[in-house]
Amino acid sequence: MLSELNTSVVPPNASAYIIPADDVPFYVEPPPLKIFRFVVYAIIILFALVGNVAVCIISRRSRRLQTSTYCLIMNLAVSDIGSVLCLPFLLPELFIGNWLMGDAMCKLLKPSVVIFNFVTTNTLVAIACDRFRAVVFPFATRPSKSETRFIVALLWLIAFLFSLPSYGAMRVVTYSDVYYCMDIFSDDVEKDTLYRRIYTITMYIVQALLPVLVISALYLKITATLKHIRLVPLALKSTRSSSLNSTPNASPHSSTLNLNKLTMNPAGALRRQMMEKKFLRMLMTVLLVYVLCYLPFQTMYLIYEFNPDLGYLPYMQPLSEYLYLIVWLPNALNPVCYGCLNEQYKRAFKAMIFRPRKYFQTLKSRHSFSQSTAITVNKIR
């Protein structure tokens, strides 16, 4: 079996795509079209690395972005960076149809892509849960820094555990002097087919179907809550209910003061409500991009798993290759969504692009000031 997101070749077993029927007219991709496809891969790698590294720098250096939601967005960027760093090592196999990296890289690279993609899915669910808590239960205490770190570590642990079967099964096999990196769960054909189908169904449910359903339900509830919320009740809620603008370590006393300010400042409450709606619009756009780019390939792969004869269709191979290309688009599009739909990221991106020297000098001075302030406070204590 070829694990989730580890190859564009459709058939899950070697014999299905190495020994095609002689009377089937397979479509051969023209060389210019093939070159165009790999140029798109190169653009995706460039934009994904630059964009997501910028997101990590902005999220790490800006105090306003030290909340739980923005930390999860940074974790999403880290997983995108990790997966796109694996892509250059996968391109030679996609281009020539021959695995050249050896057995060790086969066991390392493709399951690692599964981990990064699983972390992406888990992080989207975690972000949806965080916004659900902030909007539907505004008086609930938001996660602290340590709790957010624990959530992020848990996301990576779950992803690693679900990818363990792929790490154990991945191996290099040879057919007609051609090397293929694929996962084989058993030397017995019937057992291998059974284990592969169980793993494929499990991964599709926990990595694609269930997260999309959960996230959709949470965002529907959030949207309904924001739609029916009134200005006066909103003005009576503590600013601690929204983790978009609150400081990371707000005290109960500061929350009480902000509550009084909110009661007398309904315009500020309305502005925060509009910010929440814009922020949710950004998150839903990221989710929509992920679903539209990721689910088609995974659904096609699941269908093929139980209908291997589909591999003999003339256009099945190029269809799978281009659907696999689309799978990588969210890595490059996510930073664009952040920059276009979030004011914090938009201002930071503009500063980094048009005034990079001034931006990094400002960050450095702020960091030095915060360090000196912390040292002074410790001396007083």
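Colleague: Does Cys337 count as buried or exposed?

Modeller: Bear in mind that this is a predicted model. Buried means under 20% relative accessible area. Cys337 has 10% relative accessibility, so Cys337 counts as buried.

Colleague: And how does Cys129 count?

Modeller: Partly exposed lies between the buried cut-off of under 20% and the exposed cut-off of over 50%. Cys129 counts as partly exposed because its relative accessibility is 37%. As for Cys337, that residue is in no disulfide. The nearest cysteine sulfur belongs to Cys340, 7.2 Å away, whereas a disulfide needs the two sulfur atoms within 2.5 Å.

Colleague: How many disulfides does the structure hold?

Modeller: A disulfide is a covalent bond between the sulfur atoms of two cysteines. The structure holds one. Cys106 is joined to Cys181, with an S to S distance of 1.9 Å.

Colleague: Which parts does the pair tie together?

Modeller: Cys106 sits in helix α4 (residues 102-136) and Cys181 in strand β2 (residues 178-183), so the bond ties together parts 75 residues apart in sequence. Cys106 and Cys181 are both buried.

Colleague: What is the handedness of the disulfide?

Modeller: The torsion about the S-S bond of Cys106 and Cys181 gives that. The torsion is about 90°, so the disulfide is right-handed.

Colleague: Now the helices. What span should helix α12 have?

Modeller: The expected span is 1.5 Å times one less than the number of residues. Helix α12 (residues 343-354) has 12 residues and should therefore span 16 Å. Its end C-alpha atoms are 16 Å apart, which agrees.

Colleague: Which residues of α12 are buried?

Modeller: They are Gln344, Tyr345, Ala348, Phe349, Ala351 and Met352. These residues cover an arc of only 165° around the axis, which puts them on the same side of α12. On the face turned away from that buried side, α12 carries the exposed residues Ile353 and Phe354.

Colleague: What contact is made at the start of α12?

Modeller: There, Asn342 has a side-chain oxygen within 3.0 Å of the backbone nitrogen of Gln344. Gln344 is also one of the buried residues of α12.

Colleague: Which residues does the "transmembrane region" annotation cover?

Modeller: Check such a record against the coordinates. The unreviewed UniProt entry gives residues 35-58, 70-91, 111-129, 150-170, 198-220, 279-302 and 322-341. In the model, residues 35-58 are 100% helix and 0% strand, with end C-alpha atoms 35 Å apart. Residues 322-341 are 95% helix and 0% strand, and there the end C-alpha atoms are 28 Å apart.

Key
Residues are numbered from 1 along each chain as its sequence is written. This is a predicted model: local features need pLDDT of at least 70, side-chain atom pairs count only at pLDDT 80 or more; totals for chains, interfaces and linings use all residues. Side-chain values use heavy atoms; hydrogens and water are left out. Helices (H or I, at least four residues) and strands (E, at least two) are DSSP runs, numbered from the N terminus. Buried means under 20% relative accessible area, exposed over 50%, partly exposed in between (1.4 Å probe, protein chains only). The arc is that of the directions from the helix axis to the C-beta atoms. A polar contact is a pair of N or O atoms within 3.5 Å; within protein, one must be able to donate a hydrogen and the other to accept it, and residues adjacent in sequence count only if both atoms are side-chain atoms. UniProt positions are given in the numbering used here, feature names are shortened, and annotations may be inferred rather than shown by experiment.
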